[in-house]
Structures are given as C-alpha cells and as structure tokens.
Amino acid sequence: MRYVSTRNSGHSVTSAQAILTGLAPDGGLYVPERIPQLDLSKLQGASYGEVALAVLELFLPDYHREFLQQAIHASYETRFEGKAGQLEKIRDGLFSLELWHGPTAAFKDYALQLMPHLLVEARRMLGEQNETMILVATSGDTGKAALEGYKDLPGIRIATFYPTGGTSEIQRLQMATQEGENVAVYAVRGNFDDAQRGVKTAFCDEQLAATLADKGIKLSSANSINWGRLVPQIIYYASTYLQLCHRGEIAMGDKVDFCVPTGNFGDIMAGYYAMGMGVPVGRLICASNSNNVLADFLATGRYNANRDFLKTSSPSMDILVSSNLERLLFHACGNSEQVNQWMTQLAQKGEYQVDEQTLGKIQAVFSGGWADEQQVGEEISQIWKQNQYLCDPHTAVAFQVWRRQPQGAKAGVVLSTASPYKFSGKVLESLGVAVPENEFEALTALEQATATKAPVSLTGLKNKKIRFTEIIDAEEIPRIPLR
Ligand SMILES: *Cc1c(COP(=O)(O)O)cnc(C)c1O
C-alpha cells in the first residue's frame, strides 16, 4: 500500500515517508493509491482501540502492530477519560458524536494525540538523525492540541505562535501554562495572519535551513494536510457506525448520514475514506459558517476564494482555502494533472471550476449548507430548550444545517467538535444569560445556568503556573529555532 501525490500520481511513497515529509515535493497532498476494505462484521462490539487498530493496520502497513497498539493505548485509552468516540442520543434518529473529551477539549486531539507517535516512529524507521523542530502558528485550538501531543517526545521540539489578544483568555492560558521540556510558546504582536506569515517566512528561509542543518535540526509543521493527521479521524466514523448497530439503533447495512462542521475539509474527508472502506454512509453533509465557500462549491462546482474573510463565533471554521478538498478532487476525477491545473488556478486567480462529471461524483456523496451568526445563536438556544443538549458554536453550525436537510437515512450523526465551555461567552449569550467578563466566572455561570460540568482541563487552568510570557514581533519568528 503506497501513497501518491494528488498533483503527480507517478510519485509514490510509503506511509511512514508520507507522514515524515507531510507535503509531496510537487506541493500535492499524499493520498492512498487505493482505499482498503474494512470487515465490519468482525468488529461488532469492538472497543474504540480495537476499531482504531483495524483501521490503522490497513492504512499504515509499514508500522508494526505492537507499535500501533501502544500508540493507540497512549492516545485514546489514556487521554480521553474513557470517552473516545462518545456518542450521545439527541432524539430518535439524531446523535451527537462528542469529539471533545480529550486533553484540550476540541476534536483536534484525535489527530494530534496519535500523529506525534506516528511521526516519532517514522523518524526511527527511516533513520532520521536530525532533531525535528515543529513550528505552529495558531489562532487557538491547533496550537494547544499540538503542544499536548508533542510534549516530551524524543527527537522533537515544538514552538507555537499565537496573536496577542487574538485568542480567548482560556485559549491563551491553555498555551501559557503548557508543561513539557521540549515546548515553547510565544505571543506575537499582530493578528493571526502576522503569526502565520512569520512561520511561513521561517519555512522558506534557505539560509535558516542551512544554519539549522549544521546544528542537526530540521523544521516541520503540524498542519492538517499531513496524512498522519487525517488517518486517525477515519476511526471514529467506523466506531460510530458499529456503536449504532450494537445499541440496536440501526441494523448492519443501514445507511447513516454524517453532518460535519467544516473548515479545512479534513474531518469530513475522513468520512469519505470511511465510506470508501465500506462503512455504510448515506450522505456526508458539509456544514459551513458565514465563510460559505464550500457550500457554494458543492452546489455549483465553482470554488471561489475571492470574497471577504468573515470573523465568526466558530473561528476554527473561518477559512477560505480548504486544503483537504484537494484530496477529494483527486479521488473524484482520478487525474493528478487535472488537479494540478485547478490548484494552479486557485493559487493564481483564487478560483477554479470543476467539470460536470467530477461535480456529479462529488454531489452523489456530499451535500453542503451553511449557517449565519444569528442562526448559530438560535440553534444553541433551540437545541438546549428542545433536547437539553448543550453545544458549542461550531457544533451548532452543523445542527442548524442538519435541520434543513431532507431526512433520508435511518440515523443522522452530527460531529460535535468542541466543548461548549471553550466558547462559554457565545453560548451564555445565546441562552440569554449575562456574560461575566472574567472567563472563569463565565465557566461557572454556564455550569449554573445549565447544570452541566465544565471540563477539568479548563477549570484547572486557574491554578496552573504560567510558564510562557514572552511577546515577540512576527519578524523575530525565524530566529526562534536558532535559540
Ligand atoms: C478544526 C476545527 C473544525 C474544522 O475541521 P476541519 O477538519 O478543518 O474541517 C471544526 N470545529 C472545531 C472546533 C475545530 O477545531
């Protein structure tokens, strides 16, 4: 089983190489040359870890089984409070897959707990001698999840950069109090784009690369185009399907629809791979916020990123160029030269149009929809009043889009991507409760208003030691790896 580049299917590598290098040399993303088949009948009643092993063995054949077992144990069996793949019933036919019971209370933990183990093992298997230095620009969730995933792993150092004043106070504290010997956190004067530009400059700086090479250091990123971040997300689609069967909600073979709050298209793309593996998926519903590029694309086949970037209450979905869509284009049209052309048009003109046949293949599986800020607030309130279910703004986008879909499959699953307590301000406001200025008071207010509990990983921040206070200019970012 090898991985090919979406922009040149003649170029192929092993899974360990794909994970170590991230991006293909031609700028394409690595995709499996064929999608392996999962035998669901053998997994009835299986634990999350057992499903994880079955999926990962098929996609990562160059990794040893014992290694995968250990990595799965270290990630999903110890760091998710026994709630990996937690599925809550909202009402008949509708379920919430709660992906936020990990250490940072957002779904990125699923990828960023496991992937660091895959990377360390890839380094070992491929004989990589250099130290890997990971640089992450973050608007909040990714940075913290990456710090938690990579802390204290051998051969790795990680530095994250967040905009001063650009994250919530909780997100800032999550990073400023980060533990681990190989981690560093910097606040950057400016906004997220400034931080990201600084990191990109560091990656493109050949002089820096040469100086670092002399010191035995190689730069790497933790962003979501790496196959090692996508593959862990396939697991929970299979696990959800098996749970629905096990609980008698569906019979083996019935179709299930998944509605996914989408930004970079990684999470929903994992659903496409699960479907390709034989999980009976009905439709994959791509839910966007007011940055509705994907909803337009799925309706028309025209991807147009030339529009205003809107800041919303679901910041992790505020994105105009969804990188992982490239993987879907490749599988739908099967022609890497064609994908290359579209991606060149996107880079040069900010838009491209796919042909009728490719669009037809995509529309046979995917639907799109979007929700504006007012609808998100109304959804948080409505689902609380009707079903006593508390959800964060990202998840609310998906519930709102779900409401407006024609109901087809026997069961529908909304992927819930963040704890409502990570966005307590917007949630309190939507419920009509006054929002305290202090974030810890806001957590308490939300607990009292809803008789639910905030994750300990968030309330516990109050008593943690602040380790990182340095504020730098974006121009200084390229010098950080030399320290
Ligand atoms: C990253 C993120 C998303 C979007 O996931 P993609 O894989 O980028 O589509 C949705 N919700 C939350 C809370 C996230 O952190």
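**Ligand**

I looked up Gly-263 first: one of its backbone N or O atoms lies 2.8 Å from an oxygen atom of the ligand. The model is predicted, so I note its limits here: local features need pLDDT of at least 70, side-chain atom pairs count only at pLDDT 80 or more, and totals for chains, interfaces and linings use all residues. Residues are numbered from 1 along each chain as its sequence is written, and side-chain values use heavy atoms, with hydrogens and water left out.

I then went to the side chains. A polar side-chain atom of Lys-108 lies 2.5 Å from an oxygen atom of the ligand. For Thr-417, a polar side-chain atom lies 2.8 Å from a nitrogen atom of the ligand. The protein covers 96% of the 380 Å² of accessible area that the ligand has on its own (Shrake-Rupley method, 1.4 Å probe).

Which residues come nearest to the ligand? I found Lys-108, Gly-263, Asn-264, Asp-267 and Thr-417, out of 15 residues around the ligand; a residue is near if one of its heavy atoms lies within 4 Å. By class, this shell has 5 nonpolar, 7 polar and 3 charged residues. In this count Ala, Val, Leu, Ile, Met, Phe, Trp, Tyr, Cys and Pro are nonpolar, Asp, Glu, Lys and Arg are charged, and the others, Gly among them, are polar.

**Sheet**

I traced an open sheet of 6 strands with mixed pairing, in the order S4-S5-S15-S10-S11-S14. Strands here are DSSP runs (E, at least two residues), as are helices (H or I, at least four), numbered from the N terminus. Strand S4 (86–91) and strand S14 (366–370) stand at the edges with a single partner strand each, so one side of each has no neighbour in the sheet. The twist averages 25° from one strand to the next, with axes fitted to C-alpha atoms and angles from 0 to 180 degrees between N-to-C directions.

Strand S5 (residues 94–98) pairs with strand S15 (residues 411–416) in the parallel sense over 5 bridges; two strands pair if DSSP finds at least two bridges between them. In this pair Leu-94 stands opposite Gly-412 of S15.

Is strand S10 (residues 256–261) buried or exposed? I found 6 of its 6 residues buried, so S10 is largely enclosed by the rest of the structure; buried means under 20% relative accessible area, exposed over 50%, partly exposed in between (1.4 Å probe, protein chains only). In a regular strand the side chains alternate between the two faces of the sheet. On one side of S10 are Val-256, Phe-258 and Val-260, and on the other Asp-257, Cys-259 and Pro-261. S10 runs parallel to strand S11 (residues 281–288), joined by 5 bridges. Pro-261 has Ala-287 as its bridge partner in S11.

Phe-265 has a phi near 70°. Phe-265 lies in the loop between S10 and helix H10 (266–276) and counts as buried at 1% relative accessibility.

Gln-388 also has a positive phi, about 50°. Gln-388 sits in the loop between helix H15 (373–387) and helix H16 (393–403) and counts as exposed at 55% relative accessibility.

Last, I looked at Glu-326 in helix H12 (residues 325–333). Glu-326 counts as buried at 4% relative accessibility. The side chains of Glu-326 and Thr-6 are joined by a polar contact of 2.7 Å (a pair of N or O atoms within 3.5 Å; within protein, one must be able to donate a hydrogen and the other to accept it, and residues adjacent in sequence count only if both atoms are side-chain atoms).
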